[in-house]
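Dear colleague,

Please find the structure below, together with its sequence. My notes on what was found in it follow.

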Amino acid sequence: MVSFYITTAISYVNGAPHLGHAYEAITTDVIARHMRQRGEDVFFLTGTDEHGEPIADAARALGVDPQRLADENAERFKALLPQLQISNDFFIRTTDEQHKLRVQQVLQRVHDNGHTYKGLYEGWYCPRCADFKVENEILDGNRCPIHETELVREQEENWFFRLSAFQERLQRLFEERPRFVMPAARFNEARAFVASGLQDVSLSRARLRWGVTVPWDPQHVFYVWFDALLNYYTALGYARDGEDLTDRYWPATYHVIGKDILKFHTVFWPAVLMAADLPVPEHVFVHGFLLGADGRKMSKSLGNVLDPYEVLERFGSDALRFYLVRDVALGADGAVGMDGVTSRYENELANEYGNLASRTIAMVHRYREGKVPACRTDAELAREFEGLAQRVCELIDRIDATAALEEIWQRVRRCNRYVEERAPWRLARDPAAGDQLDVVLASLVEGVRVLSVLLCAFIPQASGRLLDALGQPDSSLASARFAPAVAGGPVAALEPLFPRR
Ligand code: MSP
């Protein structure tokens, strides 16, 4: 068994979860579920990033203790996951005592290895990013390139991390590992950032209390990004009671992140790991941003926000998962809105997959008393499925979940055409066509079964219900092969998978 460790970014708890968070969790979950179906030893981590200025500021504005704000909002992030059918193996909170302890251990090693020094930092700082900006990224009027809000000039005595000392090793990493950052455009962006010359970065904050204490200088707390990045490593130490999973899963196979935090994950993070003598992750996959239906950044004031809770309530989690993976090419930005959800739900989930499932099961009941005939399957339909599971695996290996879903969907459509072409209702009226009808029904059931196995990673609820109704709950990817003959057996009745809304 191959170990496969995949993570999402951890979310800030200064607000409620929104669609961007749901999107990242869903896309990562699709990959995790697919890899489990392949029999890999998967560990899937997500969680919340609870220290630092943004949370301290938000708490102050509300007049509450930062820990209380973190507790309340972490609960909301945690509660959203089962609603989206996210199959994470652990939920880390950076306020966990064990996380803090391990952060101190790792960064103490960085310090002992001589990669830190004390100095005066002065620069343009964005409190919302909790980040100092370098000259070439600052917008006109001293504004943050991400938030477009004005930056503040800040000066303080900090511990510094000698990022500049890792320039060569990082360059080598990018030379030797062309898939370290995916997709390629993001790889180029990260490599260019390294090539432009690295400056040391502050590792601690003296003015802030809300963070992990620097063990060798307790007047300071670690700059929140170092504390946060280390979650991927610390979690393995305590996710399972009495067991340390680090050797089993480290280094991570994939960190899945949004494009706004590229620099932290592809430059700072590998450098910190090198400084602590730890192996660097295999891949960082960078997804795009969800935009409002008008193509602009989603914002309440523009009224173009798609609310994940509203979609869940109206259409359910399969629909939200399906819509986001299908409509937004994974890796690119994409505009999303309720009209799009409605149309994918009605035209594809209900009318194509749902309808294929219902009519197949209904015909087995109508023409064969609810028993799938034991017979050969149709070689013509079988051909359409040849190599499909393999192709889906290849695409998922490139984290192209959108293309993988499209491959599957083409076969959903093919099966619907097959029903029209073979017209089982006509065969049923012809006493001489009984064998033909057997083959058509067996082939349809086999097609629907294989499709449902492949769809388990994307729409786990509906595909699971369908496999159960077929009496063939095995969802391992090895079973996603269109068999030349089926053993037959009873099928249960099935309520519509995607009822009209
Ligand atoms: N706390 C940091 C990450 C630390 S990881 C060691 C952070 N948090 S966040 O809550 O702002 O964002 C969490 C993730 O959601 C990020 O990967 C971010 O890119 C992603 N998204 C936030 N808004 C998004 C969209 N509108 N669209 C898609 N993803 C977006 O950054």
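A residue is counted as near a molecule or strand if one of its heavy atoms lies within 4 Å of it. Of the 23 residues around the ligand, I10, H21, E24, D49 and D260 come nearest.

Before the details, two remarks on the basis of the values are needed. This is a predicted model, in which local features need pLDDT of at least 70 and side-chain atom pairs count only at pLDDT 80 or more, while totals for chains, interfaces and linings use all residues. Residues are numbered from 1 along each chain as its sequence is written, and side-chain values use heavy atoms, with hydrogens and water left out.

Ligand surroundings

E24 places a polar side-chain atom 2.5 Å from an oxygen atom of the ligand. From G258, a polar backbone atom lies 2.9 Å from an oxygen atom of the ligand. L290 has a polar backbone atom 2.9 Å from a nitrogen atom of the ligand.

Domains and their interface

The domain assignment, which is automatic or taken from a database, divides the protein chain into domain 1 (3-287) and domain 2 (337-490). Their C-alpha centres are 42 Å apart. In the interface, 12 residues of domain 1 are in contact with 16 residues of domain 2, contact meaning heavy atoms within 4.5 Å. The two domains bury about 1,300 Å² between them, 64% of it on carbon and sulfur atoms; buried area is the accessible area (1.4 Å probe) that two parts lose on being put together, summed over both.

Six residue pairs are in polar contact between domain 1 and domain 2, both residues being at pLDDT 80 or more. On the side of domain 1 that touches domain 2, helix α1 (residues 19-37) gives the most, with six residues. Helices (H or I, at least four residues) and strands (E, at least two) are DSSP runs, numbered from the N terminus.

Salt bridges

A salt bridge is a side-chain nitrogen of Lys or Arg within 4 Å of a carboxyl oxygen of Asp or Glu. The rule finds one across the interface of domain 1 and domain 2. D397 and R38 form a salt bridge, with their closest N and O atoms 3.0 Å apart. The whole structure holds 39 salt bridges. One of them joins the side chains of D29 and R321 at 2.7 Å, N to O. D29 lies in helix α1 and R321 in helix α12 (residues 317-327), so this pair ties together parts that are 292 residues apart in sequence.

Backbone features

Most residues other than glycine have a negative phi, and most peptide bonds are trans. The peptide bond from M182 to P183 is cis, with omega near -10 degrees, and P183 is placed in the loop between β8 (181-182) and α6 (184-195). W250 and P251 are also joined by a cis peptide bond, with omega about 5 degrees.

Yours sincerely

Note on methods. Polar contact = N/O pair within 3.5 Å; in protein donor to acceptor, adjacent residues only side chain to side chain.
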